[in-house]
Amino acid sequence: MSEVIAIVSGKGGVGKTTLTANLGIALSELGHLVLVIDADIAMSNLSLLIGVDNPPITLHDVLLGSSSAADATYEGPKNLKIIPSGLSISNYQRVDVERLVSIVKSLKNEYDYILIDAPAGIDKNVIAAMSASSQILLITEPTAPSVADVFKAKIVAERLNQKVMGVVINKFSGIKGEITEKEIMKMLEVPSYGKIPYAEDIRESFLLKKIKPILIHNSASPSSNSFRDIARKISGKKDEVVKSNTKKGLFSFLRKMFSKNKI
Ligand SMILES: Nc1ncnc2c1ncn2[C@@H]1O[C@H](COP(=O)(O)OP(=O)(O)O)[C@@H](O)[C@H]1O
Ligand SMILES: [Mg+2]
């Protein structure tokens with residue numbers, strides 16, 4: 001039975017696709033059979049990062065019911081498998097995103113891990129990605145707007161009765177004013193699965209003529225190893241995960257703000 005993990009942030013551009021691709025490769029390196037699914041059906045770019053160019057059959061076709069999931073599955077690096085999304089705007093507008101739940105269910109016996117790269121926001125496409133998963137891994141930058149948005153996404157997950165396993169903090173640089181890991185755990189009331197530094201080599205890997213995940217571009221770098229640390233924590237060493245301190249207070253103003261506005 002697969003562990004199905006949706007990578008969710010609320011806010012765009014915080015690193016969902018980067019985490020999905022690199023965590024997928026890191027879990028594959030540990031010997032797991034891993035599938036990544038690009039559920040960002042409007043603004044797909046996971047296949048660009050994985051290196052699957054112009055796939056003829058995509059998740060759009062599977063959601064439209066015209067192809068099987070197997071037909072839309074491609075080979076990535078290190079034995080990682082990927083179901084990419086399509087670029088067609090008209091297909092995007094026609095797809096029935098709710099089918100994602102049954103599609104993922106049909107694949108559950110084939111993989112150890114299925115990682116779902118969710119879209120930004122909290123609309124029906126995100127809800128489909130959350131509903132198809134068994135656990136949700138939040139990702140945020142250590143900034144107030146990003147934490148506020150991921151908090152909102154967490155509330156949506158809770159309303160769907162989906163389990164939020166924890167949070168990854170991305171683009172951490174240690175400069176004054178950044179929200180700390182501890183504060184983020186308190187705010188979200190979930191454990192941290194680790195921090196990924198703001199790293200020039202990750203940015204660089206997106207600027208290559210042929211984009212590559214950092215685990216392929218610069219495999220031995222500290223930023224690559226931070227994804228491996230997260231993979232190890234997910235892959236069984238859950239006792240290593242920093243437990244959250246559920247004391248409220250620090251960010252109660254955000255909680256109050258949201259409840260006052262009855263979101
Ligand atoms: N840890 C990091 N350090 C530096 N740049 C990063 C890091 N993580 C992601 N990025 C950059 O941020 C941009 C957005 O990342 P992406 O994974 O596409 O976000 P999302 O999928 O959440 O929209 C990309 O250009 C990527 O290279
Ligand atoms: Mg993305």
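Which polar backbone atom is 2.9 Å from a nitrogen atom of ligand 1? In this predicted model, that atom belongs to P197. A backbone N or O atom of A199 also lies 2.9 Å from a nitrogen atom of ligand 1. N170 contributes through its side chain, where a polar atom is 2.8 Å from a ligand nitrogen. Ligand 1 exposes 570 Å² when taken alone, and the protein buries 85% of that area.

Around ligand 1 there are 15 residues, of which G13, K16, T18, N170 and F206 come nearest. By class, this shell holds seven nonpolar, five polar and three charged residues. Four elements each supply at least two residues of the shell: the helices α1 (16-29) and α9 (200-207), and the strands β7 (164-172) and β8 (192-197).

The space that ligand 1 takes is the largest pocket. This pocket contains about 580 Å³ of space. It is lined by 29 residues, and G13, V14, G15, T18 and F206 are the closest to its centre. At least two lining residues come from each of α1, α2 (46-50), β7 and α9, with α9 giving the largest share, four residues. The lining divides into 16 nonpolar, eight polar and five charged residues.

The second largest pocket has a volume of about 200 Å³. Its lining includes S44, N45, S47 and L48, then V52, D53, N54, P55 and T58, and also S85, G86 and L87. By class, the lining of the second largest pocket has four nonpolar residues, seven polar and one charged.

Notes. Residues are numbered from 1 along each chain as its sequence is written. Chains are lettered from A and ligands numbered from 1 in the order in which they are written. This is a predicted model: local features need pLDDT of at least 70, side-chain atom pairs count only at pLDDT 80 or more; totals for chains, interfaces and linings use all residues. Side-chain values use heavy atoms; hydrogens and water are left out. A residue is near a molecule or strand if one of its heavy atoms lies within 4 Å of it. A polar contact is a pair of N or O atoms within 3.5 Å; within protein, one must be able to donate a hydrogen and the other to accept it, and residues adjacent in sequence count only if both atoms are side-chain atoms. Accessible areas come from the Shrake-Rupley method with a 1.4 Å probe; for residues, only the protein chains shown count as cover. On a 1 Å grid over the protein atoms alone, a cavity is a set of points where a 1.4 Å probe fits but cannot get out, and a pocket is an open set with protein on both sides within 12 Å along at least five of seven lines; lining residues have an atom within 4 Å of a point. A molecule sits in a cavity or pocket if more than half of its atoms lie within 2 Å of its grid points. Ala, Val, Leu, Ile, Met, Phe, Trp, Tyr, Cys and Pro count as nonpolar, Asp, Glu, Lys and Arg as charged, and the others, Gly among them, as polar. Grid points are joined across faces, edges and corners, and a volume is the space filled by probe spheres set on the points.
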